[in-house]
Amino acid sequence: MIRVSFRWSGVEVNAFAIAVGLGAALGLFRISRQRAGQWLDAGLIVLAVSLIGARLGYALFELAYFSVHPVEVIQIWRGGLSAPGAIVGAWLGLLLAAAIEKVHVLRLADWLYPLIPSVSVATWLGCWLIGAAYGSELPAGTWWAVQSPDLSGQLAARVPVQLGAALALVVFYYLMETLVPLPRPSGWLSSLALSWLVLVSLVASFLRADPMQMWRGVRLDTWVYLVLLVPFLGLFAWLNLVARQKPKGTSPVV
């Protein structure tokens with residue numbers, strides 16, 4: 001395990017920031033190859049609002065602390081981001097970008113789809129590098145355990161939550177991009193990708209051992225993922241039904 005960090009202008013940049021930055025850059029590069037980079041500005045808007053949502057989501061999860069230290073909400077460099085908040089922020093950013101670009105939101109969602117695999121996989125790998133979203137410790141000698149740190153930096157053999165989630169995302173997105181026939185209705189690709197991301201995050205939340213506020217004996221982020229899964233999966237199911245009901249020879253919405 002290598003924990004990477006360096007200081008830039010007095011601010012420490014850790015492995016998580018490096019990983020997510022590389023994932024965002026890869027996603028933007030793939031977007032730039034569509035329509036001569038027409039949607040790069042929209043992609044940057046979605047990333048920016050997603051970051052804001054991630055920070056605000058974290059502040060809500062830690063409301064007891066931030067209600068006493070409200071100014072620290074905007075101090076993102078101190079660390080503390082929420083994946084559910086990032087997902088909600090990404091959709092709000094998508095609505096904003098669609099309004100600015102004057103394009104249908106579901107069409108834009110599919111054009112910006114390349115951000116989903118790269119950023120989500122990079123996020124899970126970044127969590128593994130810095131000891132966030134870690135799994136429970138396992139007995140010594142467990143063959144499938146992975147050495148990973150907790151938030152204090154303590155290394156231990158743990159349930160490979162982060163790497164397992166990253167692998168599940170990589171395999172699914174690869175199969176989806178290579179095997180799924182196109183075209184499909186606008187929003188089909190992005191809603192399927194987001195449904196899988198939320199589902200993987202939901203399953204991972206049951207295996208995580210990092211501290212989190214609880215409600216009725218269940219992690220708060222687990223509840224949020226359950227709520228988020230409903231609209232994404234519902235949208236995908238509806239679009240899939242629309243695609244199946246179209247007569248042969250009729251072009252689907254693209």
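This is a predicted model: local features need pLDDT of at least 70, side-chain atom pairs count only at pLDDT 80 or more; totals for chains, interfaces and linings use all residues.
Local features need pLDDT of at least 70, side-chain atom pairs count only at pLDDT 80 or more, and totals for chains, interfaces and linings use all residues. Residues are numbered from 1 along each chain as its sequence is written, and side-chain values use heavy atoms, with hydrogens and water left out.

**Exercise 1. Two packed helices**

Task: work out how α1 and α6 are oriented to each other.

Solution: 
- Locate the helices, which are DSSP runs (H or I, at least four residues) numbered from the N terminus. Helix α1 covers residues 15-32 and helix α6 covers residues 115-130.
- Take the geometry. Two packed helices are described by the angle between their axes and the distance between the axes. Here the angle is about 170 degrees and the axes are 8 Å apart. Angles run from 0 to 180 degrees between N-to-C directions, with axes fitted to C-alpha atoms over the stretch in contact.
- Classify. Angles over 145 degrees count as roughly antiparallel, so α1 and α6 are roughly antiparallel to each other.
- Check the contact (heavy atoms within 4.5 Å). Among the residues that make it are F16, V20 and L28 of α1, and L115, V119 and I130 of α6.

**Exercise 2. Salt bridges**

Task: find which parts the pair E177 and R30 ties together.

Solution: 
- Start with the total. The structure holds six salt bridges, each a side-chain nitrogen of Lys or Arg within 4 Å of a carboxyl oxygen of Asp or Glu.
- Look at the pair. The side chains of E177 and R30 meet at 2.9 Å, N to O.
- E177 lies in helix α7 and R30 in helix α1, so the bridge ties together parts that are 147 residues apart in sequence.
- Judge exposure (buried is under 20% relative accessible area, exposed over 50%, partly exposed in between; 1.4 Å probe, protein chains only). E177 is partly exposed at 36%. R30 is partly exposed at 29%.

Task: say whether R219 and D221 are buried or exposed.

Solution: 
- R219 and D221 form a salt bridge at 3.0 Å, N to O.
- Both residues are buried.
- Shared partners join R208, D210, R219 and D221 into one network.

**Exercise 3. A surface patch**

Task: describe the nonpolar patch that includes L167.

Solution: 
- List the members: L167, V171, Y174, L175 and L179. Patch residues have over 30% relative accessible area and no salt bridge, and nonpolar side chains are joined within 5 Å.
- Together they have about 530 Å² of accessible area, by the Shrake-Rupley method with a 1.4 Å probe.
- Helix α7 (residues 161-179) holds L167, which is exposed at 54% relative accessible area.

Note on methods
Patches are made of residues with over 30% relative accessible area and no salt bridge: like charges are joined within 9 Å, nonpolar side chains (Val, Leu, Ile, Met, Phe, Trp, Tyr) within 5 Å. Angles under 35 degrees count as roughly parallel, over 145 as roughly antiparallel, 65 to 115 as roughly perpendicular and the rest as oblique.
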